[in-house]
Structures are given as C-alpha cells and as structure tokens.
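Please keep the sequence and the structure in view while working through the numbered points.

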Amino acid sequence: MSAFPGTVAFDEYGRPFIILREQDKQKRITGTDAIKSHILAARQIASTLKTSLGPKGLDKIMVSPDGDVTVTNDGATIMKLMDVDHEIGKLMVQLSQSQDDEIGDGTTGVVVLAGALLEQAEGLIDRGIHPIRIADGFELAAQCAVKQLESIAEPFPIDPNNKEPLIQIAMTTLGSKIVNKCHRQMAEMAVDAVLNVADIEKKDVNFELIKIETKVGGRMEDSMLVKGVVVDKTMSHAQMPKTLRDVKLAILTCPFEPPKPKTKHKLDVTSAEDYRALREYEQEKFIDMVKKVKEAGATLAICQWGFDDEANHLLLQHELPAVRWVGGPEIELIAIATGGRIVPRFEELTPEKLGTAGLVREVSFGTSKDKMLVIEECKNSKAVTIFLRGGNQMITAEAKRSIHDALCIVRSLVKDSRIVYGGGAAEISCSLAVAKEADQLSTLEQYAFRSFAVALESIPLALAENSGLHPIETLSELKARQVGEKCPSLGVDCMLSGDSNMKNHNVVESLNSKKQQILLATQLVKMILKIDDVRSKNQGEMY
C-alpha cells in the first residue's frame, strides 16, 4: 500500500472515497483538453519548421545556452537544438530524429506532415468524432497513400558507369542547403564516395568507411574527395620527411614508453650511479622498441598514444617517421584502408601486420601553420574521406550536415532503387488517391480519409508559399492537371522555370524516404490522439 497515491476515507454514510496526496503540486489535463493541448504544441513546432521546406526554404539561427551559434535549415538539426519543454514537442523531436537515422533526408517534411495531420484531427474532434476512430482512419488512409506511392514509383537503375542520374538526385537533396552554389561538385563527391564503398550486388553501403573531415579556411570549392584517409595530425617531429612513397605502416596502440612496474612498490634512486643505470635502461628500452618497428619493415609508425621528446628524438635518429595521438576511430579507418592490423604490443609486430599505402603526405593550408596528414593510394580503396572547406565554422558544419543528407539519399537508392517525383508531386497524387478512396467508404472513417488527403496537401502548399507563389492557386492548378493529364510527376515549380513537370527537372526522391515519412508521421499522430490524461509537476505553465 506504500505506493498508493493517497489515503482512503469514509463519509457519514460509510461510503469510501480517496483523498489524493499533493494535488496542489500537480497539474492534470484530461479528455479533449489534453488532446487539444498536445495538438497546439505540435502545430507550433511544425509551423516553425514549415518555412525551412524546399529549395527556397529559409535558414534558422539556433543559439545554445553556451552562446554557440548554428545556422541551418536541416529539420533534424533544428529540432535537436530547440529547447523543447512540452512532452509532445519532445516526441516531435524524436520523430525528426528517427527519420534522420533511418533515411537521412525528409526530416522537415515529416514534422510538417505530422503537424498538418494533428491540425485536421482537431477539426474532426470538434465535430464530435472520437479520437480512436480518427486514429484508425488515419492508419487506413496512410496504407492507401503508401499503395498509391508504390503504384506511381518508377525503377531507377544504379549503374556505377553512369553516375549522372545519381548526381541529379544528390543535387535535389542539396538544392535547399547552404552549399547550393557549388552543389554539383558536392553531389559528385557524395555519389563517388557512396559508389566507392557500396557493394552493388548485396545492395549494401558501409558508412563507417566514409569519413567527413572539415577545415575552416579556403573556399567551399576547395573541398575534395580523398580516396584514402585524412587525419588532423602532423609528423611528430618538424624534421621528419613531409612526403613518403610506398609506405609500410605500423599501426600501434602501445605507447613508446619504458615499462612501468606493475606493483605498488616504489623505486628509490639513492645514488648518481643508480640514476645513470635507470637512464641507460630506459634508453635501451626505447632503442629496442624502435628497432622492433624497423626490423618489421615499417617506414611510418602511427601511434594511438603520445611519446615524449626523447622518444621523438630517437625516432628521428633512426629515420622512422611517426604520427602520435591518432584517435581510435581514425586508427580503425587507417587499418581498413591500408590493410594493416592494429598491434597492441611491440613483441607482436610482424611484417604481415603492416599496412601499405602508395603516398603519405602532409598538407598545409594558407598562411596558417595548420597541417593535416593525407594517406592515399591505399591497398583497400574502399575507405574514402570527404574533405570540406569553408569560410567559417558555421559554413563547414552546415556543409557537413548537407553532405551527410546527400550520402544518405544515395545510400537509400542503392538499397531500394525505386523513386517518386518531388516538389510535392507525390503528395498531391496520394492526396487525390486518398480523397477518391474516401468516396467509396460508408463508415465514419471517410471523414478521417478526407482530412488525411487535406493534410498531405500541406507539403506542396508550404513549398509554393516558400517559393513566393500563391499557394492555393498553385495547388488547385496542379491537382486539376494531375487528374486531367494523368501525370503524377507534376509538382510545385519552386525555381519559377515555367515547367511543373518534376521529371524534366530531375527532382526525384527515393520511394523508401517518402513511405517512411507518411508512416512515421501517422504513427506519431495515432499515438498523440490516444493520450487523454496528462499528469505533471506544476513547475510552470504548459503551453
């Protein structure tokens, strides 16, 4: 009974009732009020993101509590950086994040769609329809929309020898990003990177083999794809050679240090002779370590740990270039790229465990002393690094997010190579199909179907509005043309080119991404509509 939230009392007739504890410290919303509170919170978040949709979408400045500034129009990033207190707001953040984790693109669209569905649900609740009937109707409507997507999807052959179609798709993804002034170059880098690491037969792409490295300074056009590994480190000694050819790499996770006693006893040095003997022992151990690396045939040592100046000097004396403080993920990538083995002890180092690289060079940037190490012409050419430049930290961070979106969309096409047309064309087609299906229904769900069809139109409406077009006029014309011409590729002409056929503009999206958007948004809306009671600590007003 200790977990019971109150005490039992009896009135003058002996009837029991419960007095709940600490009710003044709790806030409780029930029934329709709870649902409407949730819908309001979700709509506010969706309206924040709506203006970031499409190629003409606007950016948002997010300032963290520490004063860090982020400029972005990536839905998942905006949601992650928003300081959301409302519990439904947090669910919207997770919705955007799950779309980002699964597909990598369409993070803004999925939140806008969820907000539109909840807005439509509010109208149905006001008409007296039970939330459960609305939720079930939305679920059936989503299945109808996905079926329509399947029927209008077109096959998209992936051919490593003909990259142009893939580049066009990557350019569509990058069109709304800050990198769009050189988005052809960025799209080519993303496609080349994915095709380098992709296994086309198994339809598999290992993202761990693609590393994205950024460096502030220079122009965005200076960005490049390195078929190898770029490490933000330099040679440990300034006099070590800056360029090495036909390199044998020893990849070490053991430090260049003399062994320390493993017991808790201290070592007391009482005389100069003892100190000299200890000094000679340490030097002998250092030389022994360097010799072991040299005898294995290594011409470059990559070390996860640091080493002191004495070890550094000895490495230079023995003409063994070395790089220190290389992080764990980078060590793994170097091992994969060069075909080497990570060695935990000097005793285990053998010639078979060495990695090979055709060229290792130090690259310097501008007038600054910033240098990076580039390992190229590796044995396993599957490991690649996308190296991004930009005028400041914000631009390089946004470029990194943009290239990640492009990589994700190319990967999803390698996995499932069917496409639908963008620019709101797929949503309009699904909306028409769902509205048509609603006329065949005799049950109460037909209202939910019609509302679902209206909610799907929120995407083309937002695209038209953000592009400076008249939203309602544009949508009405496109719906009439899609029905009249039976052409599901007609969408919003965001670039004002005079041609609404997205096929001619190469504005395409992966079928997988679009299906995921509709299903995830519907799942979340269904979950929110089923909540009718909220208890929370009364720390402040909920909005």
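1. A residue is called buried when its relative accessible area is under 20%, exposed when that area is over 50%, and partly exposed in between (1.4 Å probe, protein chains only). By this rule Lys 526 is partly exposed, as its relative accessible area is 22%. The model is predicted, so to speak of local features requires pLDDT of at least 70, side-chain atom pairs count only at pLDDT 80 or more, and totals for chains, interfaces and linings use all residues. Residues are numbered from 1 along each chain as its sequence is written, and side-chain values use heavy atoms, with hydrogens and water left out.

2. Helices (H or I, at least four residues) and strands (E, at least two) are DSSP runs, numbered from the N terminus. Two strands pair if DSSP finds at least two bridges between them. An open sheet is formed by three strands in the order E6-E19-E20, with antiparallel pairing. Strand E6 (154-155) and strand E20 (508-510) are at the edges and have a single partner strand each, so one side of each lacks a neighbour in the sheet. E6 is joined to strand E19 (residues 418-421) by two bridges, and Pro 155 has Arg 418 in E19 as its bridge partner.

3. Helix H3 (residues 87-102) deserves attention. Its 16 residues reach 23 Å from the first C-alpha to the last, close to the expected 22 Å; the expected span is 1.5 Å times one less than the number of residues. Among the buried residues of H3 are Ile 88, Leu 91, Ser 96, Gln 99 and Asp 100. The buried residues of H3 pack against several helices, including H1 (31-50), H11 (393-415) and H17 (511-529). After H3 comes Gly 104, which has a positive phi near 95°.

4. Which residues does Thr 107 contact, leaving aside its neighbours within four places in sequence? With contact taken as heavy atoms within 4.5 Å, they are Asp 74, Gly 75, Ala 76, Ser 96, Gln 99 and Asp 100. Thr 107 is in helix H4 and counts as buried at 3% relative accessibility. A polar atom of its side chain lies 3.5 Å from the backbone nitrogen of Gly 75.

5. A salt bridge is a side-chain nitrogen of Lys or Arg within 4 Å of a carboxyl oxygen of Asp or Glu. The whole structure contains 26 salt bridges. In one of them, Glu 139 and Lys 526 have their closest N and O atoms 3.6 Å apart. Because Glu 139 lies in helix H5 (residues 131-152) and Lys 526 in helix H17, this pair ties together parts that are 387 residues apart in sequence. Glu 139 is partly exposed, at 24%.

6. Glu 188 is partly exposed at 30%, and Arg 184 is partly exposed at 31%. Lys 211 and Glu 213 also form a salt bridge, with closest N and O atoms 2.6 Å apart. Lys 211 is buried at 13%, as is Glu 213 at 12%. Finally, a network of salt bridges links Arg 43, Glu 119 and Glu 122.

How values were computed: Polar contact = N/O pair within 3.5 Å; in protein donor to acceptor, adjacent residues only side chain to side chain.
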